[in-house]
Amino acid sequence: MFLNKTAKEILEKLESNGYIAYIVGGYVRDFLLGKITNDIDICTDATTKEVMELFRGNANEYGSFNLKANEFNIDITTFREEQNYENRRPTSILYTKDLKTDLLRRDFTINTICMDKNEHFIDMLNGKKDLEEQKIRMVGNVHTKLREDPLRILRAIRFATTLNFTLEESLQKAIIANKNFLKTLSTYRIKEEVSKILLSSNYKKGLRLLKEFSLCEILGITYTNVVYTSDVCGMWAQMKINDNLPFTKSEKENIVKIREILDLKVIHPEVLYKYGLYLSLIAGEILEIEAESIYEMYKNLPIYERKDLDISFLEICETLNLSPSKKVSKVENLLIHEVLHEHVLNQKEELKKYLLNNNSRW
C-alpha cells in the first residue's frame with residue numbers, strides 16, 4: 001500500500017509553507033492493517049485561517065477545515081487541547097504547537113498513530129503495540145474520557161467488533177462503571193453507532209459485548225437471535241427497539257414490512273407482490289430461503305402491481321352489476337389473490353368469466 005497521492009500533496013504543501021503536518025487516526029490505523037479508507041484526518045500546527053489561505057474548502061465552528069478530493073473526504077485540524085466537556089463538546093479549546101498534547105485528547109491509542117509524507121510513523125502513545133496485540137486501549141484516564149464523551153463506550157465496542165480486537169481490562173471495567181452516562185447520548189448517535197456494529201460481519205461479537213456490559217436496556221434494545229443481512233433495516237427488524245430511535249420514514253416502513261414477512265415465515269407470490277423483491281430478499285436471508293428461488297418466483301409473477309391486472313375497478317363493477325364500494329375492493333383483492341396463485345389467467349375475458357362463475361362468492 002502507498003500513501004494517498006492527494007493526502008501526500010496536502011502534507012507537502014503545508015510543510016513547504018513552514019508548517020508541521022501528519023495524517024492521524026483511522027486512515028493510519030487502517031493503512032497499517034492493510035485496509036483502504038476514504039476518510040483522511042490531517043493534524044497540523046497551522047491555524048484554520050492559515051490552512052484556508054492554502055486550500056479551497058470549508059471551515060467549521062470547531063476549528064477544522066474540510067475539503068473533498070475525488071472520493072476522499074479530508075479534514076485538516078489544528079493541534080489542540082480540549083477542556084471542560086459539556087454535552088460531548090469541549091467548552092474551551094486551546095490551540096497548541098505540540099503534537100503530543102493533541103494526541104492526548106484523542107480516544108484510543110490505535111487512533112493516535114501519525115504518518116508523515118514519507119510514510120514514516122510517529123507513535124508517541126504506543127498505538128502500534130496495541131494494534132499488533134489487537135487491543136482497544138483508552139488514551140489517558142479511562143473514566144474521565146468516557147464521562148467526557150459517553151459515545152466512546154459505543155465506539156470502543158464498535159472497534160472491538162469491526163476489527164475483532166479485545167477491549168483492554170481497565171476499559172471493560174470503566175464501561176460497566178460509566179454505562180449510565182449513555183443515557184445522555186442523543187438517540188441519533190445511538191442509532192448511528194449501533195448500526196455500524198450491526199453492519200459488521202462480526203456483529204455477533206458486538207451484540208454479545210452490549211449484552212455482557214448490560215448496555216442493551218439502557219439503549220432500548222432487546223434481542224434473542226439475530227441473523228446477518230446486508231441491509232441494516234433487516235438487522236434492526238429482528239430486535240425489539242426503542243421507539244425514539246430516529247429512523248427515517250422509509251426505514252420505519254421497511255422495518256415494519258420486514259417484520260411482517262418474518263411473521264409469515266414464508267415467501268410466496270403474494271408476499272412478493274405486496275412487499276416487492278428487495279424486502280422479500282432481505283427477509284429471505286433471515287428465514288434462510290435461497291435467493292435464487294425468490295428471484296425465480298418473482299420473475300414468474302403474473303402481475304407485479306395493481307395496474308398489471310387486466311381488468312379495471314369499473315369493469316369489475318360492470319361485470320358484477322355493482323356500484324363502487326368496499327365490497328368491490330374486496331372482490332378486486334380476491335381476484336389479485338387468484339391471479340397470483342394462478343387459479344385464473346390474467347386475461348380480461350378470463351377474469352370476467354371467473355367473476356361471473358363465482359358470483360355467489362361475491
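# Exercises on a predicted model

The largest pocket holds about 1,600 Å³ of space. This is a predicted model, in which local features need pLDDT of at least 70, side-chain atom pairs count only at pLDDT 80 or more, and totals for chains, interfaces and linings use all residues. Residues are numbered from 1 along each chain as its sequence is written, and side-chain values use heavy atoms, with hydrogens and water left out.

## Exercise 1. The pocket

Describe the lining of the largest pocket by residue, element and class.

Step 1. On a 1 Å grid over the protein atoms alone, a pocket is an open set of points where a 1.4 Å probe fits, with protein on both sides within 12 Å along at least five of seven lines; lining residues have an atom within 4 Å of a point. Grid points are joined across faces, edges and corners, and the volume is the space filled by probe spheres set on the points.

Step 2. List the residues. The lining has 43 residues, and Asp-41, Asp-75, Arg-106, Asp-107 and Arg-155 lie nearest the centre of the pocket.

Step 3. Assign elements, taken as DSSP runs numbered from the N terminus (helices: H or I, at least four residues; strands: E, at least two). Two or more lining residues come from each of helix 2 (26-32), strand 2, strand 5 (72-78), strand 6, strand 7, helix 7 (151-162) and helix 9 (187-198). Helix 7 gives the largest share, 6 residues.

Step 4. Sort by class. Ala, Val, Leu, Ile, Met, Phe, Trp, Tyr, Cys and Pro count as nonpolar, Asp, Glu, Lys and Arg as charged, and the others, Gly among them, as polar. The lining then has 21 charged, 13 nonpolar and 9 polar residues.

## Exercise 2. The sheet

Step 1. Two strands pair if DSSP finds at least two bridges between them. Strands of a sheet pair through backbone hydrogen bonds, either parallel or antiparallel.

Step 2. In strand 5, Ile-76 is the bridge partner of Ile-42.

Step 3. Strand 1 pairs with strand 8 (residues 114-115) in the antiparallel sense over 2 bridges, and Val-24 stands opposite Cys-114 in strand 8.

## Exercise 3. The hairpin

Describe how strand 6 and strand 7 are connected and paired.

Step 1. Strand 6 (residues 80-86) and strand 7 (residues 89-95) are antiparallel, with 6 bridges. Ser-92 in strand 7 is the bridge partner of Gln-83.

Step 2. The two strands form a hairpin with 2 residues between them, and Asn-87 in the turn has a positive phi of about 50 degrees.

## Exercise 4. Burial and cores

Is Thr-44 buried or exposed, and which residues does Thr-44 touch?

Step 1. Buried means under 20% relative accessible area, exposed over 50%, and partly exposed in between (1.4 Å probe, protein chains only). Thr-44, in strand 2 (residues 39-44), is buried at a relative accessible area of 0%.

Step 2. With contact meaning heavy atoms within 4.5 Å, and residues up to four places away in sequence not counted, Thr-44 touches Leu-14, Tyr-19, Ile-20, Ala-21, Val-51, Ile-76, Thr-77, Thr-78 and Phe-79.

Step 3. A nonpolar core is a set of buried Ala, Val, Leu, Ile, Met, Phe, Trp, Tyr and Cys residues joined through side-chain atoms within 4.5 Å. The largest nonpolar core has 104 residues, and Leu-14, Ile-23, Ile-42, Ile-136, Leu-167, Leu-171 and Trp-236 touch the most other members. Helix 14 (residues 269-287) gives the most to this core, 9 residues. A second, separate core of 10 residues includes Tyr-22, Leu-99, Leu-103 and Cys-114.

## Exercise 5. Positive phi in loops

Which accessibility class holds for Gln-134, and which for Glu-342?

Step 1. Gln-134, not a glycine, has a positive phi of about 55 degrees and sits in the loop between helix 5 (127-132) and strand 10 (135-136). Gln-134 is partly exposed, with a relative accessible area of 40%.

Step 2. Glu-342 has a positive phi near 60 degrees and lies in the loop between helix 17 (326-340) and helix 18 (348-357). Glu-342 is exposed, at a relative accessible area of 61%.
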